[in-house]
Amino acid sequence: AMLASSGQLDHAMGGKAVDIFKAPLPKRRSVYAFIDRQNVPGTFRAFDVASSDQHTPQRYQTTVPQQALFLMNSPFVTEQAKALAARPEASGAKTTDEKVKALYRAALGRNPTTEEVALGREFLGAAPAAGAFGKMEQYAQVLLLSNEFAFAD
């Protein structure tokens with residue numbers, strides 16, 4: 001979902017498995033991820049990935065702090081937030097309100113409420129962030145890590 005929202009998703013079907021933890025980080029869906037059955041990455045266990053050794057008709061679903069901490073510090077999420085903020089409809093918007101609306105439409109598939117636009121305007125209008133991860137990228141990351149993005153009701 002992050003790859004699709006950021007416009008980075010590789011839509012090619014089939015092909016070889018990819019190591020999703022090696023740079024440059026691939027743009028493929030996780031179904032194409034290489035899994036070493038003898039050495040399953042801790043990330044997979046933290047996110048309840050089904051065992052590759054047995055039949056799993058239904059996965060357990062948990063939400064634990066380790067998942068949020070991983071996503072907040074993940075280079076993959078950072079890349080997707082930068083790509084989302086750089087999408088033409090967001091980066092080319094003339095006003096802050098238009099930028100907020102473009103990010104909401106790309107990430108969450110809806111227009112923001114009046115209150116959400118006001119909060120976005122306040123955040124983006126604050127003092128600029130130091131470093132390469134600017135306010136737009138930070139705001140995009142917040143949307144990508146929101147409960148609304150993660151869960152379908």
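Me: Why does Glu 79 count as partly exposed?

Reply: Relative accessible area sorts residues into buried (under 20%), exposed (over 50%) and partly exposed in between, using a 1.4 Å probe and protein chains only. Glu 79 has 32% relative accessibility, so Glu 79 falls in the partly exposed class. The model is predicted: local features need pLDDT of at least 70, side-chain atom pairs count only at pLDDT 80 or more, and totals for chains, interfaces and linings use all residues. Residues are numbered from 1 along each chain as its sequence is written, and side-chain values use heavy atoms, with hydrogens and water left out.

Me: With which residue does Glu 79 form a salt bridge?

Reply: A salt bridge requires a side-chain nitrogen of Lys or Arg within 4 Å of a carboxyl oxygen of Asp or Glu. The partner of Glu 79 is Lys 27, with 3.2 Å between the closest N and O atoms. Glu 79 belongs to helix H4 and Lys 27 to the loop between H1 and H2, so the bridge ties together parts that are 52 residues apart in sequence. Helices here are DSSP runs (H or I, at least four residues), numbered from the N terminus. Lys 27, at 25% relative accessibility, is partly exposed.

Me: How many salt bridges does the structure hold?

Reply: There are 6. One of them joins Arg 87 to Glu 89, the closest N and O atoms lying 2.8 Å apart. Arg 87 is partly exposed at 22%, and Glu 89 is partly exposed at 38%.

Me: Where do Glu 148 and Arg 110 lie?

Reply: Their side chains meet in a salt bridge of 2.5 Å, N to O. Glu 148 is in helix H9, while Arg 110 is in the loop between helix H6 (96–108) and helix H7 (114–125), so parts 38 residues apart in sequence are tied together. Through shared partners, salt bridges join Arg 110, Glu 116 and Glu 148 into one network.

Me: How many aromatic pairs are there?

Reply: Rings of Phe, Tyr and Trp (its six-membered ring) pair if their centres lie within 6.5 Å; planes under 30 degrees apart are stacked, over 60 edge-to-face and the rest tilted. By this rule there are 2 aromatic pairs. The ring centres of Tyr 104 and Tyr 139 are 6.5 Å apart and their planes stand at 50°, so this pair is tilted. Tyr 104 is in helix H6 and Tyr 139 in helix H8 (residues 135–144), so the pair links parts 35 residues apart in sequence. Both Tyr 104 and Tyr 139 are buried. Together with Phe 123, Tyr 104 and Tyr 139 form one aromatic cluster.

Me: Which charged end sits over the ring of Phe 123?

Reply: A charge sits over a ring if NZ of Lys or CZ of Arg is within 6 Å of the ring centre and within 35 degrees of the ring normal. For Phe 123 it is the charged end of Lys 135, 4.3 Å from the ring centre. Arg 28 likewise lies over the face of Tyr 32, at 3.8 Å from the ring centre.

Me: Which residues lie nearest the centre of the largest pocket?

Reply: A pocket is an open set of points on a 1 Å grid over the protein atoms alone, where a 1.4 Å probe fits, with protein on both sides within 12 Å along at least five of seven lines; lining residues have an atom within 4 Å of a point. The largest pocket has 43 lining residues, and Met 2, Ser 30, Phe 47, Leu 71 and Phe 76 lie nearest its centre. H3 gives the most to this lining, with 5 residues.

Conventions
Helices (H or I, at least four residues) and strands (E, at least two) are DSSP runs, numbered from the N terminus.
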